[in-house]
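Welcome! Please take a moment with the sequence and the 3D view, and then walk through the briefing that follows.

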Amino acid sequence: MSYELWIGARYAGLVRARRRGGRGDRFVSFIAASSMAGIALGVAALIVVLSVMNGFQTQVRDRMLSVLPHIELYVPSMAPEQVLSAWQEIAADARKNPKVQGSAPFVAAQGMIVRGEVLSGVQIRGIDPQLESGVSDVAGQMISGRLDTLKPGSFSVVLGNQLANSLGVGVGDTVLVLAPQGSISPAGFTPRMRQFTVSGLFSSGYYEYDASLAFIHYEDAARVFRDSGASGVRLRINDMQQAPFVAQELRNVLPPSVYAQDWTQNNRTWFAAVQTEKRMMFLILALIVAVAAFNLLSSLVMAVKDKRSDIAILRTLGAGPREIARIFLVQGSLIGIVGTLLGVGFGMLLAYNIDVIVPFIERMLGVQFLPQQIYFISELPSNPQLSDIAVVAATSLVLSLLATLYPSWRASSLQPAQVLRHD
C-alpha cells in the first residue's frame with residue numbers, strides 16, 4: 001500500500017494508526033464520518049423515493065392496462081358496422097405478428113347516462129364478452145353480475161362501481177344512454193337514446209375508469225353510436241413495453257386505412273406528467289447529496305488546516321505537491337465511495353422491504369398513510385430499478401470527487417517553510 005493511500009485512508013477514519021491518535025486525529029475522523037453519513041442518507045433517500053414513484057407508476061399503469069388493450073387498430077374512414085363486418089380480416093393480418101397474443105372487436109364512443117335527475121358523461125366501449133378476456137382483465141374484475149350477460153340485442157350495460165354509485169343504480173336497474181348525434185324534426189333536435197339494463201359492475205382500482213367507463217355489446221354499440229363511434233380491433237401483446245414498436249410494425253404491414261395506436265399514446269399526458277414529476281423529484285432530492293458533498297468539501301478544508309504540520313513534515317521528507325494532493329484526493333474519494341455504498345445498501349434494503357416497514361410503522365403509530373377509500377391503494381408500492389440506482393450512485397460519486405479538488409489543490413500549495421515557522 002502506498003503511503004498516500006494509507007494516510008488518506010487514515011484521515012478518512014478507515015485505517016487506524018499503530019499508536020492512539022491525538023485530539024486532531026479524532027476530530028478529522030469525526031468530520032469524515034459525518035460527511036460519510038450525510039452522503040449515505042442522501043443516496044438512500046433518493047433510492048427510496050424513486051423506487052416508490054416507480055411503484056406508483058407501475059401499479060397505476062397495470063390497473064389502467066387491465067381495462068385498456070395494449071394496441072388498438074382503428075379504421076376512421078369506415079362506419080362502425082362496416083368495420084365490424086370485416087374485423088376478423090384485420091385481426092388475422094395483425095396476428096401474423098408473433099408478438100400479438102389476443103384480438104377482439106370494439107366500438108368506442110362518448111355519450112351520456114341518465115338515471116332520474118342524475119346525468120353523467122361516460123366513455124362507452126362496445127366489446128365481445130367472449131373474446132374480451134384475451135385483451136383485458138375486465139371479466140376478472142367483476143364485483144357484481146357477469147360480463148357474459150352482454151348479449152347482442154339485450155341492451156345490457158356493465159358499469160364501473162364508482163359510476164354506479166354516483167348514479168345510484170345496481171344490477172337490474174335501468175338507465176338511459178344518450179348518443180351525441182340525433183335527428184332533426186319539426187319539433188327540433190331529438191337526441192338518439194336507448195334504455196339499457198345494468199347487468200354487472202366492475203372495479204379496476206383506477207378511479208378515472210371506474211367512474212367514467214361503461215361496457216356494452218359491440219353490436220348494440222354500433223346501432224346506438226353508428227354516426228359517432230369509432231370501431232376497430234383491440235390487441236394484446238406478450239410484452240406491454242414493446243407496444244410502440246409492435247404498433248409501428250403493424251402500421252408497416254396493414255393497409256393505410258388502418259390506424260394503429262398503442263397504450264402509451266392513449267395515455268401520453270399522464271405518463272409525461274409522471275416522468276416530469278420523477279425528474280423534478282430527482283433534482284430536488286439530489287440537493288441532499290449536493291449538501292452532503294459541500295459538507296465533504298468543508299470537512300476536507302478543515303482537515304487540511306488541521307494537518308498543516310503533517311503536510312509540512314511530509315514535504316521536508318521529500319513528498320511533492322502531487323503526492324500531498326493525492327492524499328486528500330484519496331481521503332475524499334474514500335469518504336464518497338464508502339458513503340455511497342452504505343447509502344445504496346441502506347436504500348435498497350428499505351426499497352425492497354417497504355411493504356413490511358411501512359405497515360409496521362402504521363401499527364406502531366396507529367395511523368394509516370394511504371387510506372384505501374381515498375387512494376384506492378392499501379399499501380405503499382415500491383419498484384426499485386437498477387438504472388435509477390446506478391444514476392444515483394454515479395451522481396453521488398461525481399459530486400464527491402468534485403468536492404475533493406479544491407482541498408487537494410490547497411493542501412498541495414502549502415509552503416512547508418511558512419507552516420513550520422508559524423507552528
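In which handedness of crossing does α11 pass α12? The crossing of α11 past α12 is right-handed, a term used when the near helix is turned clockwise from the far one by less than a right angle, with anticlockwise giving left-handed. What you are looking at is a predicted model, in which local features need pLDDT of at least 70 and side-chain atom pairs count only at pLDDT 80 or more, while totals for chains, interfaces and linings use all residues. Residues are numbered from 1 along each chain as its sequence is written, and side-chain values use heavy atoms, with hydrogens and water left out.

**The protein as a whole**

- The protein has 16 helices and ten strands; these are DSSP runs numbered from the N terminus, with helices (H or I) of at least four residues and strands (E) of at least two.
- Of the 423 residues in the protein, 46% are buried; buried means under 20% relative accessible area, exposed means over 50%, and partly exposed lies in between (1.4 Å probe, protein chains only).
- The accessible surface comes to about 21,100 Å², and carbon and sulfur atoms hold 58% of that area; such areas come from the Shrake-Rupley method with a 1.4 Å probe, and for residues only the protein chains shown count as cover.
- Among contacts with a separation of 6 or more, 78% are between residues 24 or more positions apart, where contact means heavy atoms within 4.5 Å.

**How α11 and α12 pack**

- Two packed helices are described by the angle between their axes and the distance between the axes.
- For helix α11 (residues 308-316) and helix α12 (residues 321-352), the angle is about 145° and the axes are 10 Å apart; axes are lines fitted to C-alpha atoms, for helices over the stretch in contact, and angles run from 0 to 180 degrees between N-to-C directions.
- On the α11 side, Ile311, Leu314 and Arg315 take part, and they meet Pro321, Ile324, Ile327 and Phe328 in α12.
- By class, this contact has six nonpolar residues, no polar ones and one charged; Ala, Val, Leu, Ile, Met, Phe, Trp, Tyr, Cys and Pro count as nonpolar, Asp, Glu, Lys and Arg as charged, and the others, Gly among them, as polar.

**Aromatic pairs**

- The structure holds four aromatic pairs; rings of Phe, Tyr and Trp (its six-membered ring) pair if their centres lie within 6.5 Å, and planes under 30 degrees apart count as stacked, over 60 as edge-to-face and the rest as tilted.
- One of the pairs is Phe155 with Phe196, which is edge-to-face at 5.4 Å centre to centre and 80° between the planes.
- Phe155 lies in the loop between β4 (142-145) and β5 (156-160) and Phe196 in strand β7 (residues 188-202), so their pairing ties together parts that are 41 residues apart in sequence.
- Both Phe155 and Phe196 are buried, and the relative accessible area of Phe155 is 10%.
- Tyr406 and Trp409 form a tilted pair, because their ring centres are 6.0 Å apart and their planes are at 35°.
- Tyr406 and Trp409 are three residues apart in helix α15, so about one helical turn separates them.
- Tyr406 is partly exposed at 40% relative accessibility, whereas Trp409 is exposed at 54%.

- Most residues other than glycine have a negative phi.
- Phe155 has a positive phi near 50°.
- Asp148 also lies in this loop between β4 and β5 and is partly exposed, with 30% relative accessibility.
- Beyond its neighbours within four places in sequence, Asp148 is in contact with Pro129 and Gln130.

- Ser408 is found in helix α15 (residues 386-412) and is buried, with a relative accessible area of 3%.
- Apart from neighbours within four places in sequence, Ser408 is in contact with Ala325, Phe328 and Leu329.
- Ser400 lies in helix α15 too and is buried at 3% relative accessible area.
- Not counting residues up to four places away in sequence, Ser400 touches Ile39, Leu296 and Gly336.

**Val233 in strand β9**

- Val233 sits in strand β9 (residues 230-237) and is buried, with a relative accessible area of 0%.
- Among the residues that Val233 touches are Ile71, Trp87, Ala104 and Phe106.
- The C-alpha atoms of Val233 and Trp87 are separated by 6.5 Å, with the two residues 146 apart along the chain.
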